[in-house]
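Walk through this model with me.

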Amino acid sequence: MNVMVRLVYRNLRANLDKGSLFFELIFPLFFIFIQGAAVSGIVPPFDIGNGRVVSYSLFLAAGAVTLTVINGGTNAGTQLWFDRRHGMFEQILMGPFTRAQYIFSIIITTLIIGMAASILVFVFALPVLSGISITLQAALLTGFALFLGTIFFGAFAITLSVALKSSEAFQIISTVAFFIFLFTSSVFFPVDRAPGYIQAVSLLNPLTYTTDMFRAGLFDAATTILPLEITTLSIEAAIMFTVAVAAFRRIKV
Amino acid sequence: MDIIAVESLSKHYGDKKAVDDVGFTVSKGEVFGFLGPNGAGKTTTIKVLTTLVRPTSGNVRVLGHDLRKEAKQIRNKIGVVQQQESYDQNISVEGGLDLYGFLWDVPKQKRAERVEILLKQFGLYEARKTPSLDLSIGQRRRLQVAREFMHDMDLLFLDEPTVGLDSLARRATLDFLKEKVKNGLTIFFTTHILEEAEYLCNRIAVINNGKIVTTDTPQNLKRKFGQSKSVDFKLLEGTSPELVKLIERIDDVNKIVQDVSDGAYHVTTAKPEVVIPMLYQLAARLNLHITSIYIAEPTLEDAFISILQEDKS
Ligand SMILES: Nc1ncnc2c1ncn2[C@@H]1O[C@H](COP(=O)(O)OP(=O)(O)O)[C@@H](O)[C@H]1O
Ligand SMILES: [Mg+2]
């Protein structure tokens, strides 16, 4: 069987434990079914662009799908972290594989987990999202958003796991980063109505663009700045990816 | 063709010469032992030979392939048990064996057969459903050694594979390896335990401070370096630090240690006939009484220690 298939299957088997599945699936579902439903009572439906007016519950459901990409990405970093800590990294590199194949397999695994988890959350969220019709263009745009987001956060987590030696540091910093990315993005609120300093941070945050792209596709709510957002996210993902590969190449065994 | 051919191999980490100009060859079907104290350079040598790290200089051919140019071909045909633990924490013993076979592209049917055999051979049958993280250190070590036999190979590297095993498991592992060697496997084996090297290896290279001090068969090593014998004696009074100090000053004494289990003193010396009368004199001077004394034959351990001591001086 193909080398990449073997590596990716192994990564999936080795890393899909119940704990991370819980976090990847249940956590977003809380937002969709509890927070979204509850907050909808006090927030009237609002315009999210292109004249599209949606309820907060719908708005948040889309955000909850994109926040799964951070979890999927973190999974990549955690995997590399454990492979190094538990000697599997060296073991694989002394087997019939190359370094490039290994890191590539981690990235593919991340994409599979990130996209699959997002799609699952999306499917669970369908009762809330009822009434939307997905065109081919929408599917492409949402798919591309999830792809870029997963690449960015996967690469980010890989870089962290290379840079941070101790497991406490890795845990703490990735958790802190997770919350910063999450709460300064457009997952929970429309950025253009937030105070200026939050807007400033949001505009650097790749999760904002991932989420905006995703909503634009899902709700047919493209704004005029969407092409700019797609370009920015693509550049951010490409830079992060390059940094991750460079960091990975420097790992000493 | 030599299975491993190493010429003036060095590996430096900054100023540290972890491996310093070593050379040796290993032929097919041989168990070649690398014996040395901690920090001698054993693991570094294995990391170089298994293509994990690049040598600083030297020529190395493994299984006929150039280490620098044909690393991939080498890795396709070797097995490695690292000194470091290696496992997937969430995966069970049998799952881990199977998954490792899968990584090596072993067909499903063959994997299932091998898993059954290895679980039994390595005493892991009862623990087969246990996740690796919950195993004892010894069980995890056995799993790591067993796992390497999920795939076929021409050459196996073992870096202190028996560390953490009890004596029964250790012997079972060594016997398993012996059986594989009978069927044509070549093994490169490192250890700091002499009995193990003697039990398993055809030839032993003693390594210290990155350099090979000597390479020979276990029998010859004993003959060449095992001149020193052990004079074992007991005191009626049990212990006497004063006496130990005096004995240490005797020129012909290499070292003296007390066995904690039975209180006997072991004096290593090349000249027991000189040392024994002096022991009696010194004991008498301190008013101590020697209740038993005899000369023990040299062990490989004594040989090893005298090699390292010679190397130091
Ligand atoms: N990555 C490294 N960086 C710096 N020094 C190292 C590194 N790896 C090993 N060394 C040093 O090289 C020497 C040999 O180490 P090693 O090969 O692990 O010895 P052994 O396996 O015989 O105990 C030691 O002094 C060790 O500290
Ligand atoms: Mg070592």
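How many salt bridges does the rule find across the interface of chain A and chain B? There are two, a salt bridge being a side-chain nitrogen of Lys or Arg within 4 Å of a carboxyl oxygen of Asp or Glu. Arg6(A) and Asp105(B) pair this way through their side chains, at 3.9 Å from N to O. The model is predicted: local features need pLDDT of at least 70, side-chain atom pairs count only at pLDDT 80 or more, and totals for chains, interfaces and linings use all residues. Residues are numbered from 1 along each chain as its sequence is written, chains are lettered from A in the order in which they are written, and side-chain values use heavy atoms, without hydrogens and water.

Now take the whole interface. Contact (heavy atoms within 4.5 Å) joins 26 residues of chain A to 28 residues of chain B. The buried area is about 2500 Å², with 59% from carbon and sulfur atoms; this is accessible area (1.4 Å probe) lost on putting the two parts together, summed over both. In chain A, the greatest losses to chain B fall on His86(A), Gln91(A) and Met94(A), together 28% of what that side buries.

Next, the cores. A nonpolar core is a set of buried (under 20% relative accessible area, 1.4 Å probe, protein chains only) Ala, Val, Leu, Ile, Met, Phe, Trp, Tyr and Cys residues, joined through side-chain atoms within 4.5 Å. The largest has 103 residues. Phe188(B) is one of those touching the most other members. Beyond four places in sequence, its contacts include Ile4(B), Phe24(B) and Leu49(B). Another core, of 37 residues, lies apart and includes Leu35(B) and Leu221(B).

Technical notes:
Buried means under 20% relative accessible area, exposed over 50%, partly exposed in between (1.4 Å probe, protein chains only).
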